[in-house]
Amino acid sequence: MSDGRPVSGPLKKFVFRGKSSNNGDIRGEYLEIVIPELLSAGYSFYTWPSAPLLSWYLWTQRRHLRGLRILELGCGTGLPGILAAKCGAHVTLTDSVALPRSLRHLAACCEANGLVPGRDIQLLGLAWGLFLADVHSLRPVDLILASDCFYEPSQFEEVISTVAYLLDGTDGRFLCAYQERSADWSIEALLKKWGLKGALLDLDSLSESSGVDYRALIGDRSLHLLEIISV
Ligand SMILES: C[S@@+](CC[C@H](N)C(=O)[O-])C[C@H]1O[C@@H](n2cnc3c(N)ncnc32)[C@H](O)[C@@H]1O
């Protein structure tokens, strides 16, 4: 869907298809999201491989997204959150408060999909591990999203402490897509320390039930979807 303000630079197109049935009437469902990408500008200016995987999962759950309060951490170009907003969720997209240019690019990504920041979707600078007043005002959330935010072990605890703070005492969930980059990296001990527990989602069964094979999205990369809750 490119009904927003035109954005300069190459546009990457992500297409989501599905079927719905209403009183025996089968209809095709289709959503197109375009993301302007700046490949040489930095981590947050293009869409990492985990983001289409997380978005695909959200698309399989699209009928349950309407009205949910969703917060995306380290969102970069914001593909999963933009998809959730298009499916009717109340979405706040966040990325590092120290990267104002990334946040401006994020606004352009939203606008390219007809979402007006401040009206249809909220944008906020949020640094992992920093608990400023505006972070408190984000509670409660139903769903926290992150794709490829576990790529630097020295920052794992900052991500996890932020999630633990936002989920504490709620039934909210944290859904995170990540790329396995080293067998030595683990967040298991940190989850325990922060009162969280996680379980990997079974992507093969989801593929079967949704009729869309996730392997076509991820190629030969080792990508996973993890669901984390507060214990
Ligand atoms: C590997 S990129 C992933 C971007 C996006 N989620 C995706 O999958 O396309 C990591 C993102 O985390 C953001 N980030 C890095 N350090 C951060 C921090 N301390 N607080 C908040 N965001 C941070 C970066 O700006 C970047 O957008």
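In which helix is E157 found?

Reply: E157 is found in helix α5, which covers residues 156-167. Helices here are DSSP runs of H or I with at least four residues, strands are runs of E with at least two, and both are numbered from the N terminus. The model is a predicted one, in which local features need pLDDT of at least 70, side-chain atom pairs count only at pLDDT 80 or more, and totals for chains, interfaces and linings use all residues. Residue numbers start from 1 along each chain as its sequence is written.

E157 counts as partly exposed because it has 17 C-beta neighbours inside 10 Å. A residue is buried if 20 or more other C-beta atoms lie within 10 Å of its own, exposed if 12 or fewer, and partly exposed in between, with C-beta atoms placed from the backbone. Along the chain, E157 and G129 are 28 residues apart, while their C-alpha atoms are separated by 7.7 Å.

The loop between β6 and α5 contains D148. With 21 C-beta neighbours inside 10 Å, D148 counts as buried. Its phi is near 50 degrees, a positive value in a residue other than glycine. Another loop, between α4 (133-136) and β6 (143-147), is the place of P140. The peptide bond that leads from R139 to P140 is cis, and its omega is near -5 degrees.

The account now turns to the nonpolar core. Such a core is a set of buried Ala, Val, Leu, Ile, Met, Phe, Trp, Tyr and Cys residues joined through C-beta atoms within 7 Å. The largest one has 58 residues, and the members that touch the most others are L54, L83, A84, I144 and V163. Helix α1 gives the most to this core, with seven residues. In soluble globular proteins, nonpolar side chains tend to be buried together. Leaving out residues up to four places away in sequence, I144 touches L71, L73, V163, L166, G172 and F174. Contact means that the C-beta atoms of two residues, placed from the backbone, lie within 7 Å.

Helix α1 itself is mostly covered, since ten of its eleven residues are buried. Among these buried residues are S50, L53, W56 and Y57. Helix α1 (residues 50-60) packs with helix α2 (residues 79-86) at an angle of about 20 degrees, and their axes are 8 Å apart. Axes are lines fitted to C-alpha atoms, for helices over the stretch in contact, and angles run from 0 to 180 degrees between N-to-C directions. The two helices, α1 and α2, are therefore roughly parallel to each other; angles under 35 degrees count as roughly parallel, over 145 as roughly antiparallel, 65 to 115 as roughly perpendicular and the rest as oblique. From α1, the residues A51, P52, L54, S55, L58 and W59 meet L79, P80, L83 and A84 of α2. This contact divides into nine nonpolar residues, one polar and no charged. Ala, Val, Leu, Ile, Met, Phe, Trp, Tyr, Cys and Pro count as nonpolar, Asp, Glu, Lys and Arg as charged, and the others, Gly among them, as polar.

Three further residues complete the picture. S20 is found in strand β1 (residues 11-22) and is exposed, with 11 other C-beta atoms within 10 Å. Apart from its neighbours within four places in sequence, S20 is in contact with R27 and E29. S20 and L73 are 53 residues apart in sequence and 30 Å apart in space, C-alpha to C-alpha. Strand β2 (residues 25-36) holds E32, which counts as partly exposed with 13 C-beta neighbours inside 10 Å. The C-alpha atoms of E32 and F131 are separated by 35 Å, and these residues are 99 residues apart along the chain.

L203 is found in helix α7 (residues 203-210). L203 is partly exposed, with 19 other C-beta atoms within 10 Å. Not counting residues up to four places away in sequence, L203 touches Y214 and L225. Its C-alpha atom and that of S137, 66 residues apart along the chain, are separated by 34 Å.
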